[in-house]
Amino acid sequence: MSAKDKSGRSATSVTDQEALDFHSQGRPGKLEISPTKPMATQRDLSLAYSPGVAVPVKAIAADPASAYDYTTRGNMVAVISNGTAILGLGNLGALASKPVMEGKSVLFKRFADVDSIDLEVDTEDADEFINCVRFLGPSFGGINLEDIKAPECFIIEQKLREIMDIPVFHDDQHGTAIIATAGLINALQLTGRDLKTTRLVCNGAGAAAIACVELIKSMGFAPENIIMCDTKGVIYQGRTEGMNQWKSAHAVKTDRRTLEDAMDGADVVLGLSQKGAFSEAMIRSMAEKPIIFAMANPDPEITPEEVSAIRDDAIMATGRSDYPNQVNNVLCFPYMFRGALDVHASTINEAMKIAAAEALANLAKEDVPDDVAAAYQGNRPRFGPQYIIPVPFDPRLISSIPVAVAKAAMESGVARKTLPDLAAYGRQLSARRDPIASTLQRIYERVRRQPKRIVFAEGEEVQMMRSALAYVNQELGTALLLGREEQMREMADREGIDLDRPGIQIVNARISKRTGAYTDYLYARLQRKGYLFRDAQRLINNDRNHFAACMVALGDADGMVTGITRNYSTALEDVRRCIDPKPGHRVIGVSLALCRGRTVLVADTAVHDMPSAEELADIAEEAAGLARRLGYFPRVAMLAYSTFGHPSGERSERVREAVNILDRRRVDFEYDGEMGADVALNARVMEQYPFCRLSGTANVLVMPAFHSASISTKMLQELGGSTVIGPLLVGLDKSVQIVSMAAKDSDIVNMAALAAHNAGS
């Protein structure tokens, strides 16, 4: 259930005025068009329009398929409606449908990075609508039909699919069907039912209902076990009243005539009708462990509260976001088109729909990340009666559903482009919506080629267990969970975490055969620093950071990650008792700031408080080395409040001296300073200083002090719409990363991957 405010309404509820303000304030509506190429000079205009545009025109005329290479067609979908069935509001006309269609276009972009434009066609005549849309084919890679009433929606979609060579998809039909089928697959599994013997009733015979029945039949449901009902009762063979060709296709031989008759003994009921359609008597008459999908909007046929008062063995889904198991079309259409567009599919067929449904069902069975838990107000869902359908903000949807759709399109012969590596395609999709994934993609690829053993020091913490599981699932290597096995397994069972997955190893410090070796090693390091042998022994036996760091130091692990149970400086102090700096290097912290398509490394964000000139020079070298290992050509800016001597000050002099030290060291990377952040990051401002030695804007920023580094990165993250990774620990002789105490499981996995990457450097 969603959170409630003091008035008792759902936290997601809005007033009429709030909705009007949202759509009208600023630039009216929800869409705008932005160019993807520069338009700043006459040359830009010549390339974008005349005469340069003639070249791709001729190329497309010679090879129409090249339109996917030279235009937006391969990432463009038209959302088209005539407004005859707007949401649950009925026929309000084409113009009134525009806010909904704009919203659909926004969802395409937000969830799958698909560009979309809404088109409202002002006719209720099916033939006129078809003739309008059919000639728009060259403009788009796909057509999403929306809010068109039955039976015209069937006629329109069927005809357009026949005459157009791009995907045509009526989301009200097939989107609902795919999500409902995904939930049904999991509900059947949880209740121990089989497709071929399950009895199902569908109340409703409109577009969505017919699409649901057709899809579940194509997946193996026995037609004779499905009864469809409309406002006049059961659709049976021989009925003539209120029938059409689409209803007739699902008429069955039965002596049942009413919805009450049909639901008696039924295993499943799908509601796509109206509020209050399911009575208490109907629910009581169903079989044991009934599956009830009450999907009428905005009010379901029966609410979960009403069902739970009648019986306690039901699995329920609705169309509402304030109940578990929401049948929400946004789980389908963005990703369906993403996969179809990326293989240049000529249509969306049954195989692609089934693949999407199965991928959704499988995703609900996986351990959920923190981002999903956040969508549930911090309550982490687990596969079961209250969680059979993923939530719309699950970040894994983009990397799972399109892959399944694209694979099905290729295997069924409707793809005109082949994707040779579907695993790589999935990773590219993650990067498309997630700037962190994009930045770390190269690192993940390298680690997969050379998997590493990473010890997760705080192994009894749920966050660490989930992160270890994700590390293994992403094929990054072996996860060594440090902790007491009995307590870990008890917690894992309670949280639904599979610790028996190949690649996960539990290490118990109390019974480890390596405890003696680690104690001897640590005592040898600390005996002249005031530590007795029993002190070293106590640290190894009782402190997981020391045990884990010794594992890494003595080669029993390639790297470690820690930090969620103690602050950064304390964790670093623990680690440095066991591991020295790399010879000739300085230990520093470097944060990666991802800002509007740019990645900038910021140092030192973790270790040095007020570094001297010598230390600043060392920090610059360490940060430049990390930038190079991450695949960047380092351009280092030594930052200060002044720029090249103005205004002067003691702290700026220290930065200038650091530049002189780098001059004497003859380092092999670009650097300059002292300079302000605007000079370092803005090419136009930098042009005012033609003597500046940087060939372009800086991608490594060396801060004059720890406080300025920490403040600036945190401000970027909170105010600037930026993402900050780190600080990454650089300069140790062995690979260790420390996360923040508030780190999510995805943050921990990223740091574990970085530890694995650095272990191979």
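**Entry 1**

In my notes, buried means under 20% relative accessible area, exposed means over 50%, and partly exposed lies in between, with a 1.4 Å probe and protein chains only. The model is predicted: local features need pLDDT of at least 70, side-chain atom pairs count only at pLDDT 80 or more, and totals for chains, interfaces and linings use all residues. Residues are numbered from 1 along each chain as its sequence is written, and side-chain values use heavy atoms, with hydrogens and water left out.

Which residue forms a salt bridge with E102? I found K98, with the closest N and O atoms 3.9 Å apart. A salt bridge here is a side-chain nitrogen of Lys or Arg within 4 Å of a carboxyl oxygen of Asp or Glu. Side chains of opposite charge can pair when their charged atoms come close. K98 and E102 are four residues apart in helix 5, so about one helical turn separates them. Helices (H or I, at least four residues) and strands (E, at least two) are DSSP runs, numbered from the N terminus. K98 counts as partly exposed, at 29% relative accessibility.

How many salt bridges does a search of the whole structure find? I wrote down 48.

I looked at K353 next, which forms a salt bridge with E350; their closest N and O atoms are 2.8 Å apart. Both residues lie in helix 15 (residues 350-365), three residues apart, or about one turn of the helix. Is K353 buried or exposed? K353 is buried, with a relative accessible area of 4%, while E350 is partly exposed at 33%.

I also noted a network of salt bridges that links R586, E614, E615, D618, E621 and R665.

**Entry 1: around E241**

K232 forms a salt bridge with E241, and the closest N and O atoms are 3.6 Å apart. K232 is partly exposed, with a relative accessible area of 47%.

The backbone oxygen of E241 is reached by the side chain of R239 at 3.0 Å. The side chain of R239 also reaches the backbone oxygen of G233, at 3.4 Å. I count these as polar contacts: pairs of N or O atoms within 3.5 Å, where within protein one must be able to donate a hydrogen and the other to accept it, and residues adjacent in sequence count only if both atoms are side-chain atoms. R239 lies in the loop between strand 7 (233-234) and helix 10. R239 counts as buried, at 9% relative accessibility.

I found T198 in the loop between helix 8 (171-190) and strand 5 (200-203). T198 is buried, with a relative accessible area of 2%. A polar atom of the T198 side chain lies 2.6 Å from the backbone oxygen of D194.

S708 lies in helix 30 (residues 706-719). A polar atom of the S708 side chain lies 2.8 Å from the backbone oxygen of A705. I also checked S708 against V268: they are 440 residues apart along the chain, and their C-alpha atoms are separated by 61 Å.

**Entry 2: surface patches**

Which residues form a nonpolar patch on the surface? I listed L87, L89 and L92, with about 340 Å² of accessible area together. Patches are made of residues with over 30% relative accessible area and no salt bridge; like charges are joined within 9 Å, and nonpolar side chains (Val, Leu, Ile, Met, Phe, Trp, Tyr) within 5 Å. Accessible areas come from the Shrake-Rupley method with a 1.4 Å probe, and for residues only the protein chains shown count as cover. L89 lies in the loop between strand 1 (76-81) and helix 5 (98-112), and L89 is exposed at 57%.

I found a patch of negative charge on the surface where D255, E260, D261 and D264 gather. Lys and Arg count as positive and Asp and Glu as negative; His and the chain ends are not counted. The place of a charge is taken as NZ of Lys, CZ of Arg, CG of Asp or CD of Glu. D255 lies in the loop between helix 10 (245-248) and helix 11 (259-263). D255 is exposed, with a relative accessible area of 68%.

**Entry 3: backbone**

A cis peptide bond joins A150 and P151, with omega about 5°. The peptide bond from G726 to P727 is also cis, with omega near 10°.
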